[in-house]
Amino acid sequence: MRILRQITYFLLLSCAMNAQDRPPNIVLIFTDDLGYGDLSTFGHPTIRTPHLDEMGRRGAKLTSFYVGANVCSPSRAALLTGRLPIRSGMVGEKLGVLFPFSTGGLPQEEITLPEALRDAGYATGMVGKWHLGHLPEYLPTRHGFDSYYGIPYSNDMRSNSDSEGPLKQLYTTLPMLEGEKVVDEDVDQSQLTIDYTDKVLTYIDEHRDEPFFLYYAPNFPHVPLYASESFEGSTRRGLYGDVVEELDWSVGKVLDRLREHGLEENTLVIFTSDNGPWTTQHEEGGSAGLLRGGKGSCWEGGMRVPAVVQWPGTIPENQIIQSLGTTMDLYTTLIKLGGGQVPTDRTIDGNDLLPVWKGEQEEATETLFYYHLNQLYAVRSGPWKMHLRSVESYSDVTLYTRPQLYNLEHDPSEQYEVSARNREVVSRLRKLVADHEAGVEKVPYIFDAIDAPARTLLSQLGF
């Protein structure tokens, strides 16, 4: 496979003489449950993230950047397919994510970001959390990645004290996969960030002479929290701060290795999170800063995430970009950047953000739809966000008798409801919602497909 890809690449780019003449490398770092307020560059007072802060200074900080869902699995599906999860069935009516007892995963019919980039001549590698189906037919190597090293789901899905609640009896140990083979039956999570970092650096070493797409998806700072001996107890924020600062260290190592190989100016690096902070975990969860809500909700804190991008010489330095962007936009942006083909036979919910990042264009995306499970909860258009219903971190659903409207540019904390004096805005957003829902094709929901023991237990619990 690698030889064939290299032949294709050199045929397409036979005149390329050095790294600066070839398509750019892409490093996409996608953390787990990191909140909007958890980096020092986004205002946290006691967590130090100097490498990410430097990324923002050398590139751009994105202050209105969103994910496609408020929890892990559908958010990751949105990133890799460029589509709202409702379109691919990567949602549930009752279950929000995939579990070790789930029988489904990302459909083969979806055209993933690594598939499109591999077709364009890229090496494609993944290190970290997958969470889009743990059975062989759904693993990263079946969805466009040449190589994979990581955990197939969340780091709390193990049958010991790391997990809580009645479902823990359905979990097994926490396996580490290399390709499709289990190489460690039960991971030592205190070494996980170090282990992942080593794999990422090795990947860069091995693929420095060809264009590569590297998807690095740490399992942290998802609970349970673990830090290595060098970082545990090192911050004023407690264990959560230790974990985030070790992730920042990992990012620094990646940036250093790119620089050592002379790849920095031909590599786009993107850092963001899969959803907002797990606020129900109290001090072990993160912070959404001034934003309302967190993971599992459709308030801003659940779906607006910290994001920084760096590409020296292409993306101007010291930018604070306030215009709307999403992880689904990354799908379109990166495929176009790599010379690939964005699919035209299906609805793609992303736009090209590169002209915005380069300062050539003010806006690329105007509208965002907020889903919880398989239901539309809110819509944003420009500065205006309208809630049809609300959910407070997985439960406690409120269906409004009339829509709730907020101006996010004036009120990012969603404290002041202003629908009464902006009826024309409400009417316009209602029309957006109606048009959107009319265009969403109903497909089978994947997350509720589980094995027999889990179905029995869930039935006993009233699901």
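**View 1. The second largest pocket of a predicted model.** The second largest pocket holds about 530 Å³ of space. A pocket is found on a 1 Å grid over the protein atoms alone: it is an open set of points where a 1.4 Å probe fits, with protein on both sides within 12 Å along at least five of seven lines. Grid points are joined across faces, edges and corners, and the volume is the space filled by probe spheres set on the points. The lining of the second largest pocket has 24 residues. Lining residues have an atom within 4 Å of a point. Thr-63, Ser-64, Gln-322, Ser-323 and Glu-409 lie nearest the centre of the pocket. Strand 11, residues 319-321, gives the most to this lining, with three residues. By class, the lining has nine nonpolar, nine polar and six charged residues. Ala, Val, Leu, Ile, Met, Phe, Trp, Tyr, Cys and Pro count as nonpolar; Asp, Glu, Lys and Arg count as charged; the others, Gly among them, count as polar.

The model is predicted: local features need pLDDT of at least 70 and side-chain atom pairs count only at pLDDT 80 or more, while totals for chains, interfaces and linings use all residues. Residues are numbered from 1 along each chain as its sequence is written, and side-chain values use heavy atoms, with hydrogens and water left out.

**View 2. Helix 6 packs on helix 7.** Helix 6 spans residues 192-207 and helix 7 spans residues 239-260. Helices (H or I, at least four residues) and strands (E, at least two) are DSSP runs, numbered from the N terminus. The two axes lie 10 Å apart, at an angle of about 15°. Helix 6 is therefore roughly parallel to helix 7. Angles under 35 degrees count as roughly parallel, over 145 as roughly antiparallel, 65 to 115 as roughly perpendicular and the rest as oblique. Axes are lines fitted to C-alpha atoms, for helices over the stretch in contact, and angles run from 0 to 180 degrees between N-to-C directions. Contact means heavy atoms within 4.5 Å. Among the residues of helix 6 that meet helix 7 are Ile-194, Val-200 and Leu-201. The partners in helix 7 include Trp-249, Lys-253 and Arg-257. This contact has eight nonpolar, three polar and four charged residues.

**View 3. Helix 3 beside helix 9.** Helix 3 (residues 72-81) and helix 9 (residues 327-337) have axes that come within 6 Å and cross at roughly 25°. So helix 3 is roughly parallel to helix 9. Ala-78, Leu-79, Leu-80 and Thr-81 of helix 3 meet Thr-327, Met-328, Leu-330 and Tyr-331 of helix 9. The contact has six nonpolar, two polar and no charged residues.

**View 4. Helix 2 crosses helix 7.** The axes of helix 2 and helix 7 come within 7 Å and cross at roughly 50°. Helix 2 is therefore oblique to helix 7. Helix 2 brings Pro-50, His-51, Leu-52, Met-55 and Arg-58 to the contact. Helix 7 brings Asp-248, Trp-249, Val-251, Gly-252, Leu-255 and Arg-259. These residues divide into six nonpolar, two polar and three charged.

View 5. Most residues other than glycine have a negative phi, and most peptide bonds are trans. The bond from Phe-220 to Pro-221 is cis, with omega near 5°. The bond from Val-223 to Pro-224 is cis, with omega near 5°. Pro-221 lies in the loop between strand 8 (212-217) and helix 7. Pro-224 is found in the loop between strand 8 and helix 7. Asp-33 has a positive phi, near 70°. Asp-33 lies in the loop between strand 1 (25-31) and helix 2 (50-58).
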